[in-house]
Amino acid sequence: MTLGRLRRWVPDAVWIERSEDNSALTRRVRARLPEIPVYVVDDLSVAEPGDFAAGKRRLVVQRHRGTFLQHCPAGTTGMVCCNYLVMSSASNCPFDCSYCFLQDYLTNNPAVKVFTNVADGLSEVDAVLRAHPERTFRIGTGELADSLALDHLTDLSSELVPFFADRANAVLELKTKSDCVDNLLCLDPKDRVVVSWSVNAPVIVAVEEAGTIPLEDRVAAAARVQAAGYKVGFHFDPLIAHDGWEDGYRDAIDLIFRGLDTGRVAWVSLGSLRMTPRLKAAIKARPLRGQLLATELVPGADGKERVWRGLRVKMYRRLLEWLRQVDDRMPLYICMEPAGVWEKVFGEAPPDRTVAQRLVAELR
Amino acid sequence: MTDSEAQTAIRAYAGARNYSAATTERWLRLDAGDGGALLQLAAELRLGENQLRDLWDWAEETAERDGVTLHHVLAAEPIGAARARKLGRNDKLKAIKAALRRLRFPQLTDVEDRLADLVRTMQLPRTVRVALPEHLEGDQVRIEITATSKTAWRTAAAALLAAAESPACTELFTLLGEAP
């Protein structure tokens, strides 16, 4: 079975944690999915299918237990860290990208989940921001989930955007592969919210990013939010060394920036495909996969496989050259790379954890 | 060999070598041709589980990339040539692994070959050993001098100094820094 393009995701069924059945978020989800079977349960384990793909057809509405705010797992020892914080407002994503680390990370609980108590998460964020007024924070919701792909069901952006718009020392990043931006258009981000898109060469989008919309539709959505007052960002991540990658990424850059105000691009990041042994095993166990495992990946110091360093440097340098041709003022960074690669690519490695400070400072 | 004979033989081999259930099950899920080819290789080299898995993963990824079967990869010319060499078990395993790595990582091994050529053109004495970063993951070259006398030391140092001034040295670091 192949996954068609998902314009607005609709699950096959919804499981609701009984204690949360009367929450505002649950009521919104129920109202927007009147035709979909709903099961109100005490034990949510019944909602978890054994199969990762089946999990992407189920929605679980539940309370989040534990901490909402965490450090981005990319901050591995030996890598230059951009000090990104992740706020978990949901878990898993309706899209089914072949390279996605969630295939490993969420292998035992793959159902798509949204959390009813995001207000608790915002209180957590508020406490951190108040405790450190001297620091600026870059916080995203798009690490364990797509920030916007479920927004037509949850309206979470309507809680998140006003909250961050009123905070002086934080920027929220909503990272997505969708064009679910309607809710954003009537909100004022006050330059404290960046909407960003994960992007790739068109052939990679078509082959490796099952269920996602084409690149041109992501760009059209970016143009809409930019016109509504948001800064936008783009993440070329993962860069994949496929046949014709130079043409592919050049085309993607041309397509993306053709119709945008590059002066209102908050940042562009580049990250090479990386694969843990467990992710590789998870990908191999899936029935459908693209040509991902055929790329020449070798193990690095952090145990993750990437294309060999000289090729990564070449890819980064090419893309940076093209991005600077578009507008050399756009803030650029690379993700999960050691200082040595930063030096080769940018001529310098930023002191640890200053990347976020720089990026946020450049927003002002 | 029929499917059932192949499965029996795989079970027997994996059982005798204490392979994990997961690896054995993965092996048994292969079609008879692929499973049999893997068994032949394993038996020929008396492979333990981890040794087999390394070769298997590379062969499988190569097969997937090239749209051929696993047994096709294991029968490919460079692998066949390595298997045919009159070598002891460990050296043969090393040769097969190198041949398979070459199939799996053609771009990387091309660059590694080019770097090795560059080191050769420097004509360093045998007392100087140049080690490139593993999988070229890095740009640090490790140079080791072995000297048993002041003269040998001076000779090695002079050769190294000359090599450092050569175009080969420049090209070496350029290649390590960025893919061609």
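Helix axes are lines fitted to C-alpha atoms over the stretch in contact, and the angles between them run from 0 to 180 degrees between N-to-C directions. The model shown in these views is predicted.

**View 1. Helix 3 packs against helix 7 in chain B.** Helix 3 of chain B spans residues 32-45, and helix 7 of chain B spans residues 89-104. Their axes lie 10 Å apart, at an angle of about 145°. Helix 3 brings B:L41, B:E44 and B:L45 to the contact. Helix 7 brings B:R89, B:K92, B:L93 and B:I96. By type, the contact residues are four nonpolar and three charged, with no polar ones.

**View 2. Chain A meets chain B.** On the chain A side, 24 residues are in contact; on the chain B side, 23. About 2100 Å² is buried between the two chains. Carbon and sulfur atoms give 46% of that area. In chain A, the most area is lost by A:E296, A:W308 and A:R309, together 33% of what that side buries.

**View 3. Polar contacts and salt bridges cross the interface of chain A and chain B.** There are 16 residue pairs in polar contact across the interface. Helix 10 (277-285), strand 15 (297-299) and helix 11 (309-326) of chain A each supply at least two residues of the side that touches chain B. Helix 11 gives the largest share, eight residues. That side of chain A divides into nine nonpolar, five polar and ten charged residues. Nine salt bridges span the interface. One of them pairs A:K344 with B:D139, with the closest N and O atoms 3.4 Å apart.

**View 4. B:E61 forms salt bridges with A:K284 and with B:R104.** The N to O distance from B:E61 to A:K284 is 3.2 Å. B:E61 lies in helix 4 (residues 49-66) of chain B and A:K284 in helix 10 of chain A, so this pair joins two chains. B:E61 is buried, because its relative accessible area is 2%, under the 20% cut-off. In the bridge between B:R104 and B:E61, the closest N and O atoms are 2.7 Å apart. B:R104 sits in helix 7 of chain B, so the pair ties together parts 43 residues apart in sequence. B:R104 is also buried, at 1%. Shared partners link A:K280, A:K284, A:E305, B:R26, B:D57, B:E60, B:E61 and B:R104 into one network of salt bridges.

**View 5. A:D155 and A:R32 meet in a salt bridge.** Their N to O distance is 2.7 Å. A:D155 is in the loop between helix 5 (151-154) and helix 6 (157-165) of chain A. A:R32 belongs to helix 1 (residues 24-32) of chain A, 123 residues away. A:D155 counts as buried, at 15% relative accessibility. A:R32 counts as partly exposed, at 36%.

Technical notes: Residues numbered from 1 in each chain as written. Chains lettered and ligands numbered in written order. Predicted model: local features only at pLDDT ≥ 70, side-chain atom pairs only at ≥ 80, totals over all residues. Heavy atoms only, no water. Contact = heavy atoms within 4.5 Å. Buried area = accessible area lost by both parts, 1.4 Å probe. Salt bridge = Lys/Arg side-chain N within 4 Å of Asp/Glu carboxyl O. Polar contact = N/O pair within 3.5 Å; in protein donor to acceptor, adjacent residues only side chain to side chain. Helix = DSSP H or I, 4+ residues; strand = E, 2+ residues; numbered from the N terminus. Nonpolar A, V, L, I, M, F, W, Y, C, P; charged D, E, K, R; others polar. Buried < 20%, exposed > 50% of the residue type's maximum accessible area, 1.4 Å probe, protein only.
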